[in-house]
Amino acid sequence: MRRTYKIFGLIGFALLLSANECNLAPKHYVNDLYLINNADFDISCKINFSGGNYSFIYPDTILSEIRDPTWNPLPVKKGIKVSFYEMHFSSWEEFYKAKVSSDTISFVVYDWEVLENTNWNVIRDEYKILKRYDLSLEDLQKLDFTLYYPPTEEMKDMKMYPPYDE
């Protein structure tokens with residue numbers, strides 16, 4: 001019996017060694033949307049849509065009445081690039097065509113500490129955001145589907161609130 005375990009163990013070990021790749025890293029889709037934090041504090045970002053029906057409400061930029069219960073914001077540390085939105089359509093072009101009636105989506109950047117320590121009603125009523133980017137598909141393509149906080153020089157002519165400050 002011990003010999004059988006040794007044989008199966010050796011076979012398993014040989015299979016592990018012969019594997020071309022062992023991918024334990026988080027899965028990244030070609031169409032992910034990325035965020036790079038260049039601030040000295042933690043941030044988080046979310047696409048602004050209304051309630052649970054996932055309808056993109058631009059040009060209305062009010063925050064949803066209830067915090068999305070499926071949203072579990074993680075802190076994005078300084079100098080880190082993270083995928084914050086996995087787009088499961090075949091392309092962003094298809095996504096905008098199917099889901100976005102105004103060709104613009106609002107992306108809201110929050111101070112992570114505020115999200116963690118402030119009631120959503122206060123965040124909503126006092127509009128406690130760091131930045132809101134109102135971006136078209138063309139804008140996202142120019143940015144190679146990567147958002148930056150604070151905004152970069154490349155973003156200065158894109159719609160945002162508060163406006164770009166040099």
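The residues that line the largest cavity divide into 7 nonpolar, 3 polar and 3 charged, where Ala, Val, Leu, Ile, Met, Phe, Trp, Tyr, Cys and Pro count as nonpolar, Asp, Glu, Lys and Arg as charged, and the others, Gly among them, as polar. The structure is a predicted model, in which local features need pLDDT of at least 70 and side-chain atom pairs count only at pLDDT 80 or more, whereas totals for chains, interfaces and linings use all residues. Residues are numbered from 1 along each chain as its sequence is written, and side-chain values use heavy atoms, with hydrogens and water left out.

The protein has 5 helices and 9 strands, taken as DSSP runs numbered from the N terminus (helices: H or I, at least four residues; strands: E, at least two). From the N terminus on, these elements follow the order α-β-β-β-β-β-α-β-α-α-β-α-β-β. Of the 166 residues in the protein, 40% are buried, a term that stands for a relative accessible area under 20%, with exposed meaning over 50% and partly exposed the range in between (1.4 Å probe, protein chains only).

Rolling a probe the size of a water molecule over the atoms shows where empty space is left. On a 1 Å grid over the protein atoms alone, a cavity is a set of points where a 1.4 Å probe fits but cannot get out, while a pocket is an open set with protein on both sides within 12 Å along at least five of seven lines; lining residues have an atom within 4 Å of a point. Grid points are joined across faces, edges and corners, and a volume is the space filled by probe spheres set on the points. By this rule there is 1 cavity of 30 Å³ or more. The closest to the centre of the largest cavity, among its 13 lining residues, are K46, I47, N48, F49 and S64. The space in this largest cavity comes to about 120 Å³.

The largest pocket has a volume of about 390 Å³ and a lining of 18 residues, of which C45, W71, N72, S83 and F84 lie nearest its centre. This lining consists of 12 nonpolar, 4 polar and 2 charged residues, and at least two of its residues come from each of β2 (43–47) and β5 (81–85). S83, which belongs to strand β5, is partly exposed, with a relative accessible area of 24%. Its side chain makes a polar contact with the side chain of D32 at 2.7 Å, such a contact being a pair of N or O atoms within 3.5 Å in which, within protein, one must be able to donate a hydrogen and the other to accept it, and for which residues adjacent in sequence count only if both atoms are side-chain atoms. S83 and F145 lie 62 residues apart in sequence, with a C-alpha to C-alpha distance of 9.9 Å.

W71 is found in the loop between β4 (55–56) and β5 and is buried, with a relative accessible area of 14%. The charged end of K46 sits over the ring of W71, 5.5 Å from its centre; the criterion is that NZ of Lys or CZ of Arg is within 6 Å of the ring centre and within 35 degrees of the ring normal.

A search of the whole structure finds 8 aromatic pairs, in which rings of Phe, Tyr and Trp (its six-membered ring) have centres within 6.5 Å, with planes under 30 degrees apart counted as stacked, over 60 as edge-to-face and the rest as tilted. The ring centres of F95 and Y96 are 6.4 Å apart and their planes stand at 75°, so the pair is edge-to-face. F95 and Y96 are both buried, and ring pairs link W92, F95, Y96 and F145 into a cluster.

Most residues other than glycine have a negative phi, and most peptide bonds are trans. F145, in the loop between α5 (137–142) and β8, has a positive phi of about 60° although it is not a glycine, and is buried, with a relative accessible area of 17%. Y127 also has a positive phi, of about 50°, and is found in the loop between α4 (120–125) and β7 (131–135). A cis peptide bond joins Y149 and P150, with omega about -10°, and another joins Y161 and P162, with omega about -15°.
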